[in-house]
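Morning, everyone. Let me put the structure up, and then we'll walk through it.

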Amino acid sequence: MSTDAPSRRLLVWDIYIRLFHWLLVALLGFSWWSGERHEMEWHRLSGYAILFLLIFRLYWGFVGSGTARFGHFVRSPRAAFAYLGHLRTRPYRATAGHNPVGGWSVLLMLVSLVAMVTAGLFAVDVDGLESGPLANYVSFDQGRVAADLHGLLFNLLLALVALHIVAILYYLLRLRHNLIGPMIHGRGTMPVEETNDLPSGSAWKALAGLLIAAACVWAIGFR
Amino acid sequence: MTISPAFRRPMLALLGISLVALPMLAGSLTAAPAAAPAPKAAIAARQAGYKKMGAAMKALNDQLKSGTPVKATMVAAAQMIAATAREQPRLFPAGSGPTAGVPTDALPNIWTDRAIFDGQMAKLIAESGKLVSTANSGTADAIRAQAKATGATCAACHRQFRADS
């Protein structure tokens, strides 16, 4: 593969995606800490904040900027396998946004997060003292199953996060490609032909998404 | 964390009741003081009791969270908690700790710090008794406060004497 294919520096991740990513990292850590410490008031609030982020992210996956859209990064399994072959070519040439394998990883993490938060909404602790905001719609036993699922899904998520970090380190150390910088400052180098028709997200659409997410969280957690 | 399928609860409760009831019946027939239940039966019975209290506490809290709490439901839940609480202390006979051979979160210090444990049990019985009278005559806010006080005795004892699983 030629090394002088045209490429340029441009915005890979918009500000909403970057904020989503790093707030999620912080909130997951805080949720873990507060859950382990049985600080359930904090744990619930942290969960609502994660729910807010997830609703916005799902919305942004349909109307957001190019690399944020599901239509852009959810590719066929065939494309994912083809990309694994592409990984062997040197030097590595970056794809725009999520690559076909990374896209599946992101989708899997999002699905696990949605499932974990949903289970948390219905979860009841073993003493019947603390519960998610929707637990009054289920029985004690169902709420206990939800709590167990909540914990199992967290372990699944930890495994996916570990895989995510290992993959990033592989890119950094083996492929000499830094994925961390663009997630902080947003800019990265992309092949020109991949960036021709990436739509950019509008601030108004983002604002609408933030309001939708806030309304949903309000309706669920603060009735 | 353990997954507990819904169907296991009634079975355990039934087993617990029958295993506890038999020695009690035998005891009353021979007019001897009621013997402590065998360790495994005691574990099954006390776990069934705690599940009943947890479910009743949830039922009570669900009412308090709803805009229109139903008094009869709250009174029934409070009575369930108070009645079950009085049954629990004798369900911790010697040998029913982690060495009993069946899964239990009961920590060994229940038996080494028995006086403190019994004190916590007495607090639970006192607070859940108050919960019944408050549920009968109090405002929603008073019931909420007393449910919280009762829950606090649960939590305090669990921090000291129950494995965090």
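First, a definition: helices (H or I, at least four residues) and strands (E, at least two) are DSSP runs, numbered from the N terminus. This is a predicted model, where local features need pLDDT of at least 70, side-chain atom pairs count only at pLDDT 80 or more, and totals for chains, interfaces and linings use all residues. Residues are numbered from 1 along each chain as its sequence is written, chains are lettered from A and ligands numbered from 1 in the order in which they are written, and side-chain values use heavy atoms, with hydrogens and water left out.

Salt bridges, then. The rule is a side-chain nitrogen of Lys or Arg within 4 Å of a carboxyl oxygen of Asp or Glu. How many salt bridges are there over all chains? The count comes to 7.

Take A:R44 and A:E41. Their side chains meet at 3.1 Å, N to O. Both sit in helix α2 of chain A, 3 residues apart, about one turn of the helix. A word on exposure: buried means under 20% relative accessible area, exposed over 50%, partly exposed in between (1.4 Å probe, protein chains only). A:E41 has 52% relative accessibility, so it counts as exposed.

Chain B has a pair with that spacing too. B:R144 and B:D141 lie in helix α6 of chain B, 3 residues apart. Their salt bridge is 2.8 Å, N to O. B:D141 is exposed, at 54%. B:R144 is partly exposed, at 36%. Back in chain A, salt bridges that share partners join A:E41, A:R44 and A:E130 into one network.

Now A:D127 and B:R162. Their side chains form a salt bridge of 3.2 Å, N to O. This pair crosses between chains: A:D127 is in the loop between α5 and α6 of chain A, and B:R162 is in the segment after α6 of chain B. Buried or exposed, what is A:D127? Buried, because its relative accessibility is 13%. B:R162 is partly exposed, at 28%.

On to the cores. A nonpolar core is a set of buried Ala, Val, Leu, Ile, Met, Phe, Trp, Tyr and Cys residues joined through side-chain atoms within 4.5 Å. The largest has 20 residues, and those with the most contacts inside it include A:L24, A:I50 and A:M116. In chain A, α1, α2 (40-63), α3 (70-73), α5 (100-122) and α6 (140-173) each supply at least two residues of this core. Another core lies apart from it, with 19 residues, among them B:L60, B:A77 and B:L131.

Contact here means heavy atoms within 4.5 Å. Leaving out residues up to four places away in sequence, A:L24 touches A:L19, A:I50, A:L53 and A:L113.

In α3(B), the buried residues include B:M74, B:A78 and B:I81. Their cover includes α2 (39-65), α5 (114-137) and α6 (140-161) of chain B.

Last, the surface of chain A. A:W22, A:V25, A:I180 and A:I184 form a nonpolar patch there. A:V25 is in helix α1 of chain A. A:V25 counts as partly exposed because its relative accessibility is 43%. A:I184 is in helix α7 of chain A. At 54%, A:I184 counts as exposed. Beyond four places in sequence, A:I184 touches A:R18 and A:W22.

Definitions and conventions
Patch = residues over 30% accessible without salt bridge, like charges linked within 9 Å, V, L, I, M, F, W, Y side chains within 5 Å. Areas by Shrake-Rupley, 256 points an atom, 1.4 Å probe, with all protein chains shown as cover.
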